[in-house]
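Student: Please take a close look at one part of this model, the packing of its helices around a pocket, and go through it step by step.

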Amino acid sequence: MSIRCVDLIKTYEGGKAGWPALRGVSFEIKAGEFVAVTGHSGCGKSTLLNIIGLLDEPTAGQYEFNGRNVLSMSDQERSGARLGEIGFVFQAFHLLNRLSALGNVCLPLMYAGADSAEMKERAAALLHKVGLKGKERKTPLELSGGERQRVAIARALANSPKLLLADEPTGNLDSVSSREIVDMLFGLNAEGITVVMVTHDKEISARARRNIRLRDGRLEE
Ligand SMILES: Nc1ncnc2c1ncn2[C@@H]1O[C@H](COP(=O)(O)OP(=O)(O)OP(=O)(O)O)[C@@H](O)[C@H]1O
Ligand SMILES: [Mg+2]
């Protein structure tokens with residue numbers, strides 16, 4: 001796993017002219033790092049994370065994901081990398097409320113072509129790993145915020161990604177759940193997964209080995 005960005009620029013269509021969300025951002029992230037992305041609201045953190053995660057493309061600049069220029073990748077290659085190599089966790093969980101916890105974790109496995117029995121077994125094992133044994137059949141609406149985020153983490157881990165991206169994963173959680181989720185992310189990092197996490201929480205960013213600080217679309221590392 002490696003990430004290399006050179007002079008990333010992102011201008012949103014319909015955004016303020018002359019005020020790109022990212023204005024020339026360069027950095028590298030190596031396998032095994034735990035990076036906290038910080039900065040005030042609107043400075044471009046989510047924009048940067050979405051580009052890193054191949055959910056969005058830069059307007060200009062270079063982005064190499066595992067040594068490959070993403071601009072030269074086809075849509076299919078990009079979605080393949082998203083599915084198999086990257087896990088996402090969002091502030092608002094983004095779970096499907098009509099599916100059970102198990103069903104939510106099964107989804108990325110299904111997209112990756114796992115067979116039904118294999119899929120359920122792996123999804124159950126992942127739910128156990130995040131501390132949700134016995135809650136497999138609950139739907140997100142029957143779970144607490146902290147439990148929902150655990151389901152989201154299990155889902156993010158489904159296809160054994162090398163990179164986990166988390167955009168304010170504790171933004172909707174109380175301090176106890178927040179701590180548990182952050183501990184879990186550090187634990188996953190200790191197992192070898194590279195973690196890039198957007199956070200507003202100074203205590204959390206202080207725990208990260210490295211901070212990438214954005215200010216008005218520029219780096220302030
Ligand atoms: N889809 C969009 N279309 C137009 N402008 C956008 C879009 N998404 C973000 N922006 C703008 O780009 C800038 C950076 O937004 P971004 O969401 O990356 O900030 P952020 O650092 O994640 O903020 P927050 O801490 O509030 O989540 C902001 O000025 C925002 O208004
Ligand atoms: Mg954001």
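Tutor: What follows treats the helix contacts and then the pocket.

This is a predicted model, in which local features need pLDDT of at least 70 and side-chain atom pairs count only at pLDDT 80 or more, while totals for chains, interfaces and linings use all residues. Residues are numbered from 1 along each chain as its sequence is written, and side-chain values use heavy atoms, with hydrogens and water left out.

Helices here are DSSP runs of H or I with at least four residues, and strands are runs of E with at least two, numbered from the N terminus. The axes of helix α3 (residues 101-111) and helix α5 (residues 145-157) come within 7 Å and cross at roughly 25 degrees, the axes being lines fitted to C-alpha atoms over the stretch in contact and the angles running from 0 to 180 degrees between N-to-C directions. That makes α3 roughly parallel to α5, since angles under 35 degrees count as roughly parallel, over 145 as roughly antiparallel, 65 to 115 as roughly perpendicular and the rest as oblique. In this pair, Ala101, Asn104, Val105 and Pro108 of α3 meet Val151, Ala154 and Arg155 of α5, where contact means heavy atoms within 4.5 Å.

The largest pocket has a volume of about 410 Å³, a volume being the space filled by probe spheres set on grid points joined across faces, edges and corners. A pocket is an open set of points on a 1 Å grid over the protein atoms alone, where a 1.4 Å probe fits, with protein on both sides within 12 Å along at least five of seven lines, and lining residues have an atom within 4 Å of a point. Of its 15 lining residues, Arg82, Leu83, Phe88, Pro108 and Arg155 lie nearest the centre. Pro108 and Arg155 also belong to the contact of α3 with α5. The strand β6 gives the most to this lining, with 4 residues.

Technical notes: Chains lettered and ligands numbered in written order.
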